[in-house]
Amino acid sequence: MEKLNYEVLKKSGYDGYILGKGAAPVKVLQFGEGNFLRAFVDYWFDMSNERAGWNGKVALVQPIAQGLTQYINEQEGLYTLYLRGSENGEKVDRKRVISVVDACYNPYDNADWEKIKEIARSKDLEYIASNTTEAGIVYDHDSKADQNPPASFPAKLTVLLYERFKAGQPGVTILSCELIDDNGKELKKCVEKHIADWGLGDDFAKYIENDNLFCSTLVDRIVPGRIRDPKENEELDKANGYEDGLKDVGEVFGVWYIEGPKELEDKLPFKKSGLNVHVVPEVAPYKKRKVRILNGAHTGFVLGAYLAGFDIVRDCMHDDYVHGFMNKLLFDEVIPILPLDKRDCEDFAAAVTDRFNNPFVDHQLMSISLNSTSKWKARDLPSLLEYEEKFGKLPEALCMGFAAYIAFYSTDLQRREDDALVAKRSSGNEYRIQDDSWVLDFYWDHRDSDDRTLVHDVLSNTEMWDQDLTQVKDLEETVAKDLELIRKDGAKAAYASVL
């Protein structure tokens, strides 16, 4: 079977949208060629070509010495993207050949680095996008302007923007997708520090400040990436009529929030294309929504659900009590305290059910349980405390979820291992609790404590919560009663009791 390229795709009979090879100028320089960016940023721009006639291509930059440049160029930038999941309770499996990628370049090859600099000087370039992982946006003292290329991403970006400045070209919009707070702002700080340390001059510094827009963004799409089953890979290639070593898989749901001025929304092609990409004054409230609703739902219900005998997230969505518990937590307790439009939050929460019900992903509850202490502190505890402060009473589901967290860490403890605490649920199987060592030591040391003492010592542990939670009115008594109910009747019945 022939490898995917434009000629092979034509022979395969594919009848979807395709923008031809070399048919449009490169308008985006993208640092990162991995699964996420190809299923997210490149997808949005590809859709904009079809729906809005954006007529642009994306040049990919391999961010580290080893990467996908050779494979992407062998397929002339083409790859098959599968968006899989559930929408309105219905199974969805969509296929699209992405044709927005012009080529991929390895900056650690001298000729490719020169080509990247040439693209940076181009009048057609409008955007620079990146996802260089959380470790990518860091200031590196050892990265120098005369290196070919500099080691760090911010240093490379500084060199390229300097090339553009010297060529007299207008500034660009930088779209940072790294999973850190204020990703665009942090990237700009690194660039400014390189300018100062390298002595690149006040005029260039003013160009960065006045002509270029560094946007912080919030990305949201689960991207499993490669299809790992060799048999399924083979069957898909056979059905497609070509061999594709760059297949990518993402969930159907996707949303992109870009922090910037209102006029950016009209410049970007996404609004014209009717896509779920939004320019907003601040990204922070939408990150808060994601953490409190999507991540908070996971951490809020999965520990009790595991004790109740469930193993994967999807099965929880098919149980009236567990699913009902999650919905009560979100709709009655989390959404009322969020600083965003209630209807938008409710729509986002409703989509959570579809996302958790993805028939293509067996998301293990035990994988979600990792480091649940810090997750509870970041994702659920703020909602519990803000609800109590706003309404003058405790939220029932969040309190029960807190009790389920304690139960998960203390049910029939068997032994302390180097990296885990081993417990046993009622079905008889052992499970491994993984968290910071001091957290595991705390629960192991309390293995013989009665539940009232355990709850008091957990809530009063300021190392866990940065505060003494026994000072929150009625919280200790409520969590103790909830834990008693979980021990006596089981987590599922306990969840049902708050509905």
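The structure holds one cavity of 30 Å³ or more. A cavity here is a set of points, on a 1 Å grid over the protein atoms alone, where a 1.4 Å probe fits but cannot get out. This is a predicted model, in which local features need pLDDT of at least 70, side-chain atom pairs count only at pLDDT 80 or more, and totals for chains, interfaces and linings use all residues. Residues are numbered from 1 along each chain as its sequence is written, and side-chain values use heavy atoms, without hydrogens or water.

**The largest cavity**

- Its volume is about 40 Å³, taken as the space filled by probe spheres set on grid points joined across faces, edges and corners.
- Leu218, Asp220, Val255, Tyr257, Tyr286, Arg289, Lys290 and Phe348 line the largest cavity; a lining residue has an atom within 4 Å of a point.
- Helices (H or I, at least four residues) and strands (E, at least two) are DSSP runs, numbered from the N terminus.
- By class, this lining has five nonpolar, no polar and three charged residues. Nonpolar covers Ala, Val, Leu, Ile, Met, Phe, Trp, Tyr, Cys and Pro, charged covers Asp, Glu, Lys and Arg, and the others, Gly among them, are polar.

- A pocket is an open set of points with protein on both sides within 12 Å along at least five of seven lines.
- The largest pocket has a volume of about 1,200 Å³, and of its 47 lining residues, Leu179, Val219, Asp220, Arg221 and Lys290 are the closest to its centre.
- H11 gives the most to the lining of the largest pocket, with seven residues.
- That lining divides into 17 nonpolar, 13 polar and 17 charged residues.
- The second largest pocket has about 470 Å³ of space; among its 24 lining residues, Glu87, Arg94, Val252, Phe253 and Gly254 lie nearest its centre.
- Strand S3 (79-87) gives the most to the lining of the second largest pocket, with five residues.

**A three-stranded sheet**

- An open sheet has the strand order S12-S13-S14, with antiparallel pairing; two strands pair if DSSP finds at least two bridges between them.
- Strands S12 (415-416) and S14 (430-433) stand at the edges with a single partner strand each, so one side of each has no neighbour in the sheet.
- Four bridges join S13 (residues 421-424) to S14, and Ala423 has Tyr431 in S14 as its bridge partner.
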